[in-house]
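Biologist: I am new to this structure. Please take one part of it, the open sheet and the helix packed on it, and go through that part closely.

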Amino acid sequence: MEHKNGGERGKKLNIPAIETLGLDQTDLTLLRRLQLKGRTKRNEIAEEVGMSLPAVSERMRKLEERGLLEGFYAKLNPKMAGLDVAVFITVTVESSSKYPEFLRAAEKHPEIMEVHAITGDGSHLVKARTWNTSTLERLLAQIQQWPGVKQTRTNVVLNTYKETMALPIEELEA
């Protein structure tokens, strides 16, 4: 079968078939709709996929139980909330034995949005949002005092052109 992005599915792009993920076209349609507009009423989704409201509710419940559908959230505009400074901080933690302490500290800090274990320079990449350069300086001072933190390198975001939580599930379609 030809994939819309060229080549046979999986051969060049290495994209899994939806069946291997335990999904079908109806699940993909439902998930795509929810990613675009999480507040879509279930009866609208039911109409779009051609199923009854109870059947759609059951599908959503199963997707939540499996952990694929993690929740529904409001997306706030950081600038409108006063969080004018976005940064990516590369953190070097001196030893993997210190990672759990670092991760616990990061988890507790409200300005830290994301923490990723990485390869290359540093051991972790942190995305944070803060109010101004003074609060950024305070955040960096705090991180640098956490157990095991050997070094930080900060990149300040000048402008964000794309930021999304939507996964590219349309690539799963046949």
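Modeller: A nonpolar core here is a set of buried Ala, Val, Leu, Ile, Met, Phe, Trp, Tyr and Cys residues joined through side-chain atoms within 4.5 Å. Buried means under 20% relative accessible area. The model is predicted.

The sheet comes first. It is open and has 4 strands in the order E2-E3-E1-E4, with antiparallel pairing. Strand E2 (112–117) and strand E4 (149–156) stand at the edges; each has a single partner strand, so one side of each is left without a neighbour in the sheet. From one strand to the next, the twist averages 20 degrees.

Strand E1, residues 85–93, and strand E3, residues 124–130, pair in the antiparallel sense over 7 bridges. Valine 85 has threonine 130 in E3 as its bridge partner. Helix H5, residues 133–145, packs on the sheet and touches E1, E2, E3 and E4. The direction of H5 makes about 15 degrees with that of E1.

Now the helix itself. H5 has 13 residues and reaches 18 Å from its first C-alpha to its last, close to the 18 Å expected at 1.5 Å a residue. Its buried residues include Thr135, Leu136, Leu139, Leu140 and Ile143. These cover an arc of only 140 degrees around the axis, which puts them on the same side of H5. In general, an α-helix has 3.6 residues a turn, so residues three or four places apart point the same way. The buried residues of H5 pack against E1, E2, E3 and E4. The face of H5 turned away from this buried side carries the exposed residues Ser134, Glu137 and Gln145.

Next, the core. The largest nonpolar core has 17 residues, of which Ile89, Val91, Phe102, Ile112, Ile143 and Trp146 touch the most other members. At least two residues of this core come from each of E1, helix H4 (99–108), E3 and H5. E1 gives the most, with 5 residues. Leaving aside neighbours within four places in sequence, tryptophan 146 is in contact with Phe102, Ala105, Ala106, His109 and Ile112.

A second, separate core has 16 residues, among them Ile15, Leu23, Ile45 and Leu172. Elsewhere in the model, leucine 28 lies in helix H1, residues 25–36. Leucine 28 is buried, with a relative accessible area of 0%. Its contacts, apart from neighbours within four places in sequence, are Ile18, Leu23, Ile169, Leu172 and Glu173. From C-alpha to C-alpha, leucine 28 and threonine 133 are 42 Å apart in space, and they are 105 residues apart in sequence.

How values were computed. Residues are numbered from 1 along each chain as its sequence is written. This is a predicted model: local features need pLDDT of at least 70, side-chain atom pairs count only at pLDDT 80 or more; totals for chains, interfaces and linings use all residues. Side-chain values use heavy atoms; hydrogens and water are left out. Two strands pair if DSSP finds at least two bridges between them. Axes are lines fitted to C-alpha atoms, for helices over the stretch in contact, and angles run from 0 to 180 degrees between N-to-C directions. Contact means heavy atoms within 4.5 Å. Buried means under 20% relative accessible area, exposed over 50%, partly exposed in between (1.4 Å probe, protein chains only). The expected span of a helix is 1.5 Å times one less than its number of residues. The arc is that of the directions from the helix axis to the C-beta atoms.
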